[in-house]
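I opened the notebook to keep track of what I looked up. The entries follow in the order I made them.

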Amino acid sequence: MQTRKKYIFLTFLASWLLLFFFGGDKLRHFAFFSGRKAEARRNWPHWTDRSLLKSFADPEELQSDGDPSLPSPRERRAARLSVYKNSRCRMETCFDFSRCQKHGFKVFTYPRERDQPLSESYSKILASVERSRYYTPHPEEACLFILSIDTLDRDHLSSQYVRDVDEKIRGFPLWNGGRNHLIFNLYSGTWPNYTEDLGFDIGQAILAKASFYTESFRPGFDISIPLFSKDHPQRGGEKGWLYQDSLPPKKKYLLVFKGKRYLTGIGSGTRNALHHIHNGQDIVSLTTCKHGKDWQKHKDTRCDKDNVDYEKFDYQELLHNSTFCIVPRGRRLGSFRFLEALQAACVPVLLSDGWELPFAEAIDWGKAAVVGSERLLLQIPSAVRCIPPERVLAFQQQTQFLWDAYFSSVDKIVHTTLEIIKDRLLPHRSRSRFLWNTLPGGLLALPEFSTHPGDFPFYYLQHGSSPSEKFTAFIRATSPASSLSQPILRLIQAVSASQYCAQILVLWSCEKPPPPSGKWPQTTMPLTVIQGRGKLSDRFFPSAAIQTDAVLSLDEHTSLSTSEVDFAFVVWRSFPERIVGFPARSHFWDPEQRRWGYTSRWTNELSIVLTAAAFYHRYYHSLFTEYLPAGLRELAGGLAACEDILMNVLVAAITKLPPIKVTQRKQHKETVPQQVKGTVAGGRHFSQQQDCLNQLADWFGSMPLVSSQLRLDPVLFKDQVSVLRKKYPRLEK
């Protein structure tokens, strides 16, 4: 009996244990296990409870999964596959590298067809290519091809939509299925879905596109570009609103947005919700329903009030006075306000899920923008408030750098696109992300010169290094006499006596051969004679014979002492990115003639230091020869002293800084070639310098030269102390 009771008890206990382990989640529904715990549990309100969420969102808005007209993921995938039939394209599989081996990276644009209209924006793109150093008029030399058919606007409702593109490109003998072709596009798809459909098969062509979806983007092959308006400048471009190395004033607003509110269709979800974060104090979010012809048909109860509030604020004033600017998606992922915010030093807060950011292959947007999520809009205010002031300042400064380096003109957008493609051809000689994201930027850091930041004149401070402690004297000899003139002999002796001189190179630019080696003065360092090509710009050719960072450029008639050379070199080592020298000139704006003027008179300002006696970094030889297009160098060679001006303009355009003048005992006298001597001819010589200055300003799109009132002298220069205490006493004799 006792044994039977024991078995019954064990069976009952085992049953409860099994029920507890395998059905424990059901037990809480039994009244037996409820007790106080059930009484303590709270019934949370439904998430669309009207009384709780009335001030935040409409319950119907929250219940809705989106506009029914929006494409489903399956529809978007089908549309993408219809456009990107070669979706697996990579440079290794869809690009012919052999075309780039013989002539390098050259770009050919198809000839224009007379009956084929071009939009203003596409005309600017083609002009940017054709006036660049990449362009070749010969297709057999080309590495990359660009169509003359306008493919920017592929919205078939647009007046600029080009029809029958497929038929036209198949008729091009160079098309080859799109291989080694680059296609530009700003607008794709149309109402209501705005898909990626371009209306033609791009084949194996590289697509440079605005508003790029990440799911359509082919990494390492396609390029995302910014959306820009038809009024975007061809070259130069407006400067950013925050001056270099300056602290922005404290802004009135923390976060702003002013734009259209789409009542229906794609993009309406994000913009309809922007009013939730508006507080009317430091966060201003204004929208208007006045968009499209039938906006009144879809207007809601908020529209009238929104339209009134919208008119109370000026858009440009908000940009000027805000720290952060919301950049939501429009009908497409990109919008014009992205570039507008960059220029205004208003840190973009991006609300465009799935957008492949412009040039993200090279640009680190984490240093210049806040990338938010459309689904987490209400968290944006608290997120930007948590960013410390020092990081906000870094964001603002980076927006100005990126705007000026890559986005301020169509030229820079196109050239950045081409340089990214060029870097892919030789990955081992491509620019690092450091070079792309640090002043002066990837376009001005030529990988042909070096890929190491320490070799450029701009990054010594960041790396805690200094340029080399020696310099190369580079003397240009133009005297027609077969024997050496006295000035050049004295110049060689003065330079060779410098403790910092490593070598002397003489560029012989005369028709007669140079004197034999025995006729040259004896020096303690190597003296090498280089035969010139007869061009004025030969002095800026990147000669492999130059083995130091610093170059002392000299004319044969320059008169300098050893003390002057030593002091100027010491100054240059503190400013290796600038031109440091002796003879100075200045430019000015002539309001009567409405053109730039050039003067050699002594004034309180200078903006040019002639390379007849100046130090600069040898990298500028590479930039002058390889960065500037051949047409610009030919212009400089055809006008008197224009190569001097061009070098100063180039350095100022890169550094945004003026040159530095140092102490000189004797005033420099500018030599005038024999064929232009005389009063009338001398005036023509001066007129050519002014013409040069104005043509360079036109080519750069602005005047890059920066004026300065600074001259550097030794600390005890002209002071009433003993000469024995002065480091450079000969400067005062």
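I started with a term: a salt bridge is a side-chain nitrogen of Lys or Arg within 4 Å of a carboxyl oxygen of Asp or Glu. I noted that this is a predicted model, where local features need pLDDT of at least 70, side-chain atom pairs count only at pLDDT 80 or more, and totals for chains, interfaces and linings use all residues. Residues are numbered from 1 along each chain as its sequence is written, and side-chain values use heavy atoms, with hydrogens and water left out.

**Entry: salt bridges**

I looked up Asp306 and found its side chain in a salt bridge with Arg302, at 3.5 Å from N to O. For burial I used relative accessible area: buried is under 20%, exposed is over 50%, and partly exposed lies in between (1.4 Å probe, protein chains only). Asp306 has 12% and is buried.

I then checked Arg218, whose side chain meets that of Asp222 in a salt bridge of 2.7 Å, N to O. Are these two buried or exposed? Arg218 counts as buried because its relative accessibility is 2%, and Asp222 is buried at 0%.

Lys312 and Asp309 form another salt bridge, with their closest N and O atoms 3.5 Å apart. Here Lys312 is exposed at 59%, whereas Asp309 is buried at 17%. I also noted a network: Arg133, Glu419, Asp423 and Arg431 are joined by salt bridges that share partners. The count by this rule is 27 salt bridges.

**Entry: a sheet**

I took helices (H or I, at least four residues) and strands (E, at least two) as DSSP runs, numbered from the N terminus. Two strands pair if DSSP finds at least two bridges between them.

In what order do the strands of the open sheet of 5 strands come? I read β1-β2-β4-β6-β7, with parallel pairing. Its edge strands, β1 (107–109) and β7 (223–224), each pair on one side only. Strand β4 (residues 181–185) pairs with β6 (residues 206–209) in the parallel sense over 4 bridges. Phe184 has Ala208 in β6 as its bridge partner.

Helix α7 (residues 120–130) packs on this sheet and touches β1, β2 (144–146) and β4. A contact means heavy atoms within 4.5 Å.

**Entry: the whole chain**

I wrote down 24 helices and 23 strands for the chain. Of its 733 residues, 51% count as buried. Among contacts between residues at least 6 apart in sequence, 73% join residues at least 24 apart.

Methods: Axes fitted to C-alpha atoms, helices over the stretch in contact; angles between N-to-C directions.
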